[in-house]
Amino acid sequence: LNTESWGYDETRARAFFDALDRRLREQPSIGHVSFAQLAPLVSTPSGGTITVTRGGERVRVAIESTIVGPRFFETLGIPVIAGRAFDDTDGPMGPAVAVVSDTFAKQVFPDELDVVGRTFDMSDSRVTIAGVVGDAKWGEIDEPPVPLVYLAVAQRWPSSQTLFVTSADSAVAARAVIEAVR
């Protein structure tokens with residue numbers, strides 16, 4: 001759903017996605033609802049670097065990142081291993097937070113058992129790790145896991161997002177989605 005192509009500014013786009021999320025979660029045929037910048041096995045996360053402090057030294061680390069909405073991990077069945085997923089406190093005025101993949105935690109902080117609360121610098125922000133989730137496949141089903149940073153959609157707005165819905169009855173859910181988008 002590319003709200004920018006519809007002429008929506010960020011405020012109007014946020015209102016659209018909030019209303020769509022609310023309408024879909026009210027439907028009895030819908031199990032879970034979330035949004036994300038990218039879709040696993042369809043899109044590859046953005047590559048980049050972060051800076052971390054390890055052993056008293058500042059180190060640049062190559063990572064991949066994507067932006068996800070509330071309930072993304074629950075909707076896609078990605079387990080939270082440590083800490084927490086994004087919640088309502090992770091808004092635009094709150095401190096920058098991320099949820100990282102298990103591979104990220106093990107590769108970026110190899111000597112630490114718990115990375116929740118650790119920080120890193122990304123672009124112009126100091127980001128605190130709120131949680132660690134299981135690895136997920138993004139580009140190819142047979143690819144090895146990559147160090148992945150998930151950012152909260154409430155803090156970094158993408159103009160285009162993919163809708164994720166779970167349902168026991170896909171035909172009924174599809175009709176509910178079409179009606180909710182109208």
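User: Which residue stands opposite Leu148 in β8?

Analyst: In this predicted model, Glu64 stands opposite Leu148 of β8. Strands β3 and β8 run parallel and are joined by 5 bridges.

User: What makes β3 and β8 count as paired strands?

Analyst: Pairing requires at least two bridges found by DSSP. Since 5 bridges join β3 to β8, the two strands pair by this definition.

User: Which way does β5 run relative to β8, parallel or antiparallel?

Analyst: Strands β5 and β8 run antiparallel, with 3 bridges between them. Here Val99 stands opposite Tyr150 in β8.

User: How do you know that both faces of β8 are covered?

Analyst: In a regular strand the side chains alternate between the two faces of the sheet. On one side of β8 lie Leu148, Tyr150 and Ala152, on the other Val149 and Leu151, and all of these are buried. In total, 5 of the 5 residues of β8 are buried.

User: Which residues have the most contacts inside the largest nonpolar core?

Analyst: That core has 20 residues, and those with the most contacts inside it are Ile50, Val100, Phe104, Phe120, Met122 and Val149. Among the elements that give two or more residues to this core are β2 (46-54), β3 (57-68), β5 (97-101), α3 (102-108) and β8 (148-152). A second, separate core of 17 residues includes Leu38, Val97, Tyr150 and Phe164.

User: What does Val100 touch, leaving aside its neighbours within four places in sequence?

Analyst: Val100 is in contact with Val115, Phe120, Ile129, Gly131, Val132, Val133, Leu148 and Val149.

User: Why is the pair of Trp6 and Phe16 called edge-to-face?

Analyst: The ring centres of Trp6 and Phe16 are 5.2 Å apart, and their planes stand at 90°. A pair needs centres within 6.5 Å, and planes over 60 degrees apart count as edge-to-face, so this pair is edge-to-face. Trp6 lies in the segment before α1 and Phe16 in helix α1, so the contact ties together parts 10 residues apart in sequence.

User: Why is Trp6 called partly exposed, and why is Phe16 called buried?

Analyst: Buried means under 20% relative accessible area and exposed means over 50%, with partly exposed in between. Trp6, at 39%, therefore counts as partly exposed. Phe16, at 11%, is therefore buried.

User: What makes Phe72 and Phe164 an edge-to-face pair?

Analyst: Their rings lie 5.6 Å centre to centre with 80° between the planes. The angle is to be set against the cut-off of over 60 degrees, and the pair is accordingly edge-to-face. Phe72 belongs to helix α2 (residues 72-76) and Phe164 to strand β9, 92 residues apart. Phe72 and Phe164 are buried.

User: How do you know that Phe17 is buried?

Analyst: The relative accessible area of Phe17 is 4%, and the cut-off for buried is under 20%, so Phe17 is buried. Phe17 is in helix α1 and touches Leu1, Thr3, Phe35, Trp157 and Gln161, not counting residues up to four places away in sequence. Ring pairs also link Phe17 into a cluster with Trp6, Tyr8, Phe16 and Phe35.

User: What covers the buried residues of α1?

Analyst: The covering parts include β1 (33-36), β9 (162-165) and α4 (170-181). The buried residues of α1 are Ala13, Phe16, Phe17, Ala19, Leu20, Asp21 and Leu24.

Technical notes:
Residues numbered from 1 in each chain as written. Predicted model: local features only at pLDDT ≥ 70, side-chain atom pairs only at ≥ 80, totals over all residues. Heavy atoms only, no water. Core = buried A, V, L, I, M, F, W, Y, C linked by side-chain atoms within 4.5 Å. Buried < 20%, exposed > 50% of the residue type's maximum accessible area, 1.4 Å probe, protein only. Helix = DSSP H or I, 4+ residues; strand = E, 2+ residues; numbered from the N terminus. Contact = heavy atoms within 4.5 Å. Phe/Tyr/Trp six-rings, centres within 6.5 Å; stacked < 30°, edge-to-face > 60°.
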